[in-house]
Amino acid sequence: MTDILNRIRELAAGLGEPYRQAIDLDEIRVETGALQLAAHYVTKKNYRNVIVAVDQNTYEAVGKQLVMLLETEKERGSGEVDVYTTMIQPDAEGDVIADEASLIELILDVQRWEANVIVACGGGTLHDICRYAAYTTGIPFVSVPTAPSVDGFNSKGAPILLRGEKKTIPAIGPKAIFADLDVLVQAPPELVAAGFGDMLGKYTSLFDWRFGSWTADEPYLELAAEITRKALDKCVASVDAIAARSEEGICLLMSSLIESGLAMLLFGQSHPASGAEHHLSHYWEMEYLRLGRRQLLHGAKVGVASMEIAGLYHRLVNEGFGAQGIHPAAAVPPQVTACWEQICQEIQLIPDPHQLGELLAAVGGPNTMEQLGVEPGLLERSLREAHRVRPGRHTLLRAYNEINETFAEESPGSE
């Protein structure tokens, strides 16, 4: 990952100072023994009061060992490090959630112990808690992933639940990432499959980003799209190694997830890696919270959601949805009609649902709504309403729903 980080730094520098500053990481290590490197890094940086943030599972997987390594560094005289552990508590359903309670729990510990760094040991949710707590208290955080399950480890955006509503809030990225392959290869198979599902979602997110740039003048950065696309292609080409959970396959998956995160860092927002498929996932998450149900894995939701979005988008192409003179084209905005041919060409680059389903099945992930556990009624509602989760994003799903709503309002007898 060092070579990749340096290459992206060079490319970013070529785009200008703001992009150069966006890649603000000291180092990224995806290798055997990275946990020891993390302890050495924290000591070398002279962080005196260190919070190791964990949940019940990640404390056993990584946190306990990292605390021991940091204490050993102190005993050797490598630095004056005092280590504290914050164990984020689950909610009533047993899930660790990035909500107000978890944020306050960590922020209070930062204040109590006067911490000057947080080490996030866990998956995506725990990283979201840490990045926002670190941002709010004005200290850095270090990433120690425990599974190759999501691409948000080095994101600057923190998806937070506020009063049950999912809001992505600008925060900070980590100063360094240490992903130990000895730990990652022991991750539960469903978390590996979830990470692969999160990567498959880039097929539709990359399209939606391009769509938004064409039809709504959303900002677009070709370099960030290229980084994401190459990471996705590399991941899909190595599906067998990932499915086997070999060290090589896990390393490649983890590296691809981090590269996707670097693309988001470079662009400054999550557009390269988050489109309509993520909006469905967030919608389902909020509904499960409202009903008091156990949460589904983020990447598992994204993988199956990408199948649904791919199926819808291919159907719209086949129906000539945005073509001039095609029903209900009377309601189609001219900016969509004007570039419909380009839109169709981009959609053809998205694998069809059957192909995506085969890839998900190969790594042992769910590839139907039934396997995922999302009921038909919830799916139907989410396809109509999920675009409202991120009202600032102009996806084809949003355009499709807005066009249908306009056509219904203008049609006789629609009241």
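Are tyrosine 41 and phenylalanine 178 buried or exposed? Tyrosine 41 is buried, and phenylalanine 178 is buried as well. The model discussed here is predicted.

**Helices α5 and α6**

- Two packed helices are described by the angle between their axes and the distance between the axes.
- Helix α5 covers residues 100–113 and helix α6 covers residues 124–137; their axes come within 9 Å and cross at roughly 50°.
- The handedness of the crossing of α5 and α6 is right-handed.
- On the α5 side, the residues in the contact are Ser102, Leu103, Leu106, Ile107 and Val110.
- On the α6 side, they are Ile129, Cys130, Tyr132, Ala133, Thr136 and Thr137.
- Sorted by type, the residues of this contact between α5 and α6 are eight nonpolar and three polar, with no charged residue.

**Aromatic rings**

- A pair of aromatic rings is described by the distance of the centres and the angle of the planes.
- The model has nine aromatic pairs, counting rings whose centres lie within 6.5 Å.
- One of these pairs is formed by tyrosine 41 and phenylalanine 178, with ring centres 5.4 Å apart and planes at 50°, so the pair is tilted.
- Tyrosine 41 belongs to helix α3 (residues 34–44), while phenylalanine 178 belongs to strand β8 (residues 176–180).
- The pair therefore ties together parts that are 137 residues apart in sequence.
- Phe207, Phe211 and Tyr313 make up one aromatic cluster.

**Arginines with positive phi**

- Arginine 163 is not a glycine, yet its phi is positive, at about 55°.
- The loop between β6 (157–162) and β7 (165–170) holds arginine 163.
- Arginine 163 has a relative accessible area of 80%, so it is exposed, the cut-off for exposed being over 50%.
- Arginine 245 also has a positive phi, near 55°, and is a residue other than glycine.
- The position of arginine 245 is in the loop between α11 (239–243) and α12 (247–267).
- With a relative accessible area of 27%, arginine 245 is partly exposed, because this value lies between the limits of 20% for buried and 50% for exposed.

Definitions and conventions. Residues numbered from 1 in each chain as written. Predicted model: local features only at pLDDT ≥ 70, side-chain atom pairs only at ≥ 80, totals over all residues. Heavy atoms only, no water. Axes fitted to C-alpha atoms, helices over the stretch in contact; angles between N-to-C directions. Helix = DSSP H or I, 4+ residues; strand = E, 2+ residues; numbered from the N terminus. Left-handed = near helix turned anticlockwise from the far one by under 90°. Contact = heavy atoms within 4.5 Å. Nonpolar A, V, L, I, M, F, W, Y, C, P; charged D, E, K, R; others polar. Phe/Tyr/Trp six-rings, centres within 6.5 Å; stacked < 30°, edge-to-face > 60°. Buried < 20%, exposed > 50% of the residue type's maximum accessible area, 1.4 Å probe, protein only.
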